Amino acid sequence: MIARMFAARPSRRSIGAVLLPVGVLLFGSGCTDSETSMRADELAELQQERSQLLERFGNIQAGIRRTQAAALDSPGVSAVQDSFYVEVRTVMQREYPEAVELLDRAERIGADVERVSGPVDIATDGPVTYEQQQAVVGELQETERDLRPYLQRAMQDPAVQGAFSVLQDSLIAEMTRLDPNAPRTIQRMSDTAEEIRQVDIRIAELQSGP
């Protein structure tokens with residue numbers, strides 16, 4: 001859920017939820033043809049609803065993206081973010097040493113993303129191409145998928161939870177200072193994320209069969 005924050009840590013420009021797509025549907029063998037058809041129809045409706053909710057979430061988030069980026073670049077929030085990162089890395093080194101390399105890779109790729117997204121050429125022989133951008137983004141997404149389970153487990157540590165709570169409070173306070181409407185937008189994002197979570201629960205139930 002917070003993997004992208006680590007990937008973009010050099011610029012401190014991203015934090016938030018990473019919503020996983022639903023996997024391949026496998027129907028249980030205990031359903032009748034009628035039940036299977038009804039299940040398939042409901043699943044199709046839920047998947048369409050999920051897509052619409054994800055689009056809504058993205059549109060809402062886009063409205064405060066610049067405010068969020070500015071807040072993450074502020075000295076106070078940057079310091080708190082570094083403290084949170086240290087807590088997570090400490091837990092990783094202690095409990096999941098195999099994941100430390102993934103953290104390092106995420107930071108490296110995050111720097112590459114910044115480079116190919118900006119005006120600076122990635123190579124000396126010409127401008128950044130679309131294919132180069134897509135390759136770096138794809139590598140980042142793959143690293144995030146590998147890192148996410150470790151981050152989720154690390155977030156169960158009390159010290160990490162405390163540091164994350166401080167980071168959230170600091171980020172929201174700074175965003176509010178920059179834009180008084182930010183809390184309302186953040187609440188809309190939270191409400192939409194909860195709707196997505198409920199849809200995902202029902203989709204998982206349909207996937208698991210009767």
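1. The structure is a predicted model, in which local features need pLDDT of at least 70, side-chain atom pairs count only at pLDDT 80 or more, and totals for chains, interfaces and linings use all residues. Residues are numbered from 1 along each chain as its sequence is written, and side-chain values use heavy atoms, leaving out hydrogens and water.

2. Mean pLDDT (the predictor's confidence in each residue, from 0 to 100) is 77 for the protein chain, with 73% of residues at 70 or more. Helices here are DSSP runs (H or I, at least four residues), numbered from the N terminus.

3. Over residues 6-33 pLDDT stays under 50, yet the model gives this stretch 72 contacts (heavy atoms within 4.5 Å) beyond four places in sequence. Residues 120-124 are also below 50 and have ten contacts beyond near neighbours in sequence.

4. Helix H4 (residues 75-95) and H7 cross at roughly 160°, their axes coming within 9 Å. Axes are lines fitted to C-alpha atoms over the stretch in contact, with angles from 0 to 180 degrees between N-to-C directions. The two helices are therefore roughly antiparallel (over 145 degrees). Residues in the contact include Phe-84 and Val-88 of H4 and Phe-164 and Leu-167 of H7.

5. Helices H7 (residues 158-178) and H8 (residues 182-208) pack at about 130°, with axes 8 Å apart. That makes H7 oblique to H8. Ile-172, Met-175 and Thr-176 of H7 meet Ala-182, Pro-183 and Ile-186 of H8.

Conventions
Angles under 35 degrees count as roughly parallel, over 145 as roughly antiparallel, 65 to 115 as roughly perpendicular and the rest as oblique.
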